[in-house]
Amino acid sequence: MHQLLIGKREIMFYKVCRFVSLLILSVLVLTACSSTSKSNKNDDVQGVYTGKELAEYYMYINFSNNLKGEFLKTKESYFANYSDADLNYVTPDTAKEIFIPNVDQTHQSINDLKEMLQKKVTLPLKKTAQSLIPEVKGEIEILEEMADYYETKEYTKDDFRKAKKLHDSLLKTTKKTNSDIASFNKEVDKLMEEQHLAKMEELKNNGDTVTYSLIQFIKDAEAVNVELQNQHMQAVNILKLDTCAYSLKYDKLVNTYIELETATKDKGKVAKSGFSEADIRTLKAKANQVKIDGKSIIERVESKEAITDDVLDNNTVLEKTTGTPEKLLHSYKNLVSEYADFPALN
């Protein structure tokens with residue numbers, strides 16, 4: 001039973017972890033500069049890209065995020081529901097709703113990107129994007145045709161022949177498209193990392209140690225979640241955790257939290273960051289919860305306390321269960337969301 005649970009749940013858990021992991025860089029590079037604008041003391045924090053290059057940079061990020069958060073998710077959902085283990089078409093149960101989600105955000109980001117690429121662009125992603133757009137657009141057209149086919153119940157007229165044809169068309173291209181998307185996203189991740197590191201260095205040079213240590217804590221929390229992901233850890237198999245590898249990442253997180261504590265004790269540094277003291281208290285509470293949940297995983301492994309089957313069957317309960325990767329990831333997402341939502345960042 002446990003093995004089956006791993007197979008079914010790991011897809012969703014890793015998808016969420018990967019999505020947050022990729023989202024975090026875009027959140028940080030978008031807000032690291034604006035978080036200090038309230039004080040008007042660090043307005044020169046720019047990073048690698050500025051002006052038209054920055055607009056181009058954000059356009060690529062938007063396309064990448066839509067591919068990861070909408071397009072690939074839709075395809076995964078489709079193949080999970082309408083194919084067998086070998087991805088061969090399976091006739092759906094017509095007694096239930098047959099639904100293919102739309103990918104409007106991805107479609108819009110393609111239109112925006114195509115318009116931008118007609119102008120003079122300078123970033124090295126242009127060639128990759130130009131090659132990828134027709135591949136994605138072609139598959140979107142198949143998905144849209146599928147959605148229309150099932151919505152109008154055209155299958156009652158042709159006994160699902162068109163559905164199978166569309167399925168085979170999508171299956172034929174999806175492996176290459178997914179591979180090309182992965183390559184594109186890798187290039188985007190590299191640009192995001194460069195931008196993030198440049199902004200962090202400028203924050204450090206400008207003396208904004210509060211924002212610097214807060215962002216670094218979020219990054220270290222990401223690394224802890226990624227370590228769990230790399231070890232394929234979930235509540236169902238958490239007792240198999242390699243605690244030595246995990247602790248290396250977790251100890252770094254603890255040290256960064258101490259740095260955050262030190263920085264936020266200085267009211268002058270807090271004022272320089274653009275956050276109010278109330279803001280900092282809220283953010284530190286979220287950060288502390290991440291730290292606590294990270295430690296609880298080690299404590300569960302050391303005590304050899306497995307998660308019961310009734311808890312494993314309910315993801316909502318898992319996110320509230322002490323000592324689980326699901327709870328740690330939930331707390332981490334709360335911290336990222338809290339950081340991004342503060343008025344000082346807008």
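Guide: Helix α8 passes helix α10 in a left-handed crossing, a term for a near helix turned anticlockwise from the far one by less than a right angle, whereas clockwise would be right-handed. Helices here are DSSP runs of H or I with at least four residues, strands are runs of E with at least two, and both are numbered from the N terminus. The model is a predicted one, in which local features need pLDDT of at least 70 and side-chain atom pairs count only at pLDDT 80 or more, while totals for chains, interfaces and linings use all residues. Residues are numbered from 1 along each chain as its sequence is written, and side-chain values use heavy atoms, with hydrogens and water left out.

The two helices, α8 at residues 243-264 and α10 at residues 277-303, pack at an angle of about 155 degrees with their axes 11 Å apart. This makes α8 roughly antiparallel to α10. The axes are lines fitted to C-alpha atoms, for helices over the stretch in contact, and angles run from 0 to 180 degrees between N-to-C directions; those under 35 degrees count as roughly parallel, those over 145 as roughly antiparallel, those from 65 to 115 as roughly perpendicular and the rest as oblique.

From α8 the contact (heavy atoms within 4.5 Å) draws on residues including Tyr246, Tyr250, Leu253, Val254, Tyr257 and Leu260, and from α10 on residues including Ile280, Ala287, Val290, Gly294, Ile297 and Ile298. Sorted by type, the residues of this contact comprise 12 nonpolar, five polar and four charged. In that sorting Ala, Val, Leu, Ile, Met, Phe, Trp, Tyr, Cys and Pro count as nonpolar, Asp, Glu, Lys and Arg as charged, and the others, Gly among them, as polar.

Asn225 belongs to helix α7, residues 209-230, and is buried, with a relative accessible area of 2%; buried means under 20% relative accessible area, exposed over 50% and partly exposed in between, with a 1.4 Å probe and protein chains only.

Most residues other than glycine have a negative phi. A positive phi, of about 70 degrees, also belongs to Phe160, in the loop between α5 (155-158) and α6, but Phe160 counts as buried, at 10% relative accessibility.

The axes of α2 and α6 come within 9 Å and cross at roughly 145 degrees, and α2 passes α6 in a left-handed crossing. The residues of their contact divide into 18 nonpolar, seven polar and three charged. Within α2 sits Ser64, which is buried at 1% relative accessibility and which, leaving aside neighbours within four places in sequence, is in contact with Phe184, Asn185 and Val188.

Phe184 is also one of the members with the most contacts to other members in the largest nonpolar core, a set of 43 residues in which Tyr60, Phe71 and Tyr150 share that standing. Such a core is a set of buried Ala, Val, Leu, Ile, Met, Phe, Trp, Tyr and Cys residues joined through side-chain atoms within 4.5 Å. At least two of its residues come from each of α2, α3, α4 (126-151) and α6 (161-205), and the largest share, 11 residues, is supplied by α2. Apart from this core lies another, of 34 residues, among them Met200, Ile238, Ala263 and Tyr339. With neighbours within four places in sequence set aside, Tyr60 is in contact with residues including Leu113, Ala129, Phe184 and Val188.

Seen as a whole, the chain has 13 helices and zero strands, and 49% of its 346 residues count as buried. Among contacts with a separation of 6 or more, residues 24 or more positions apart account for 80%.
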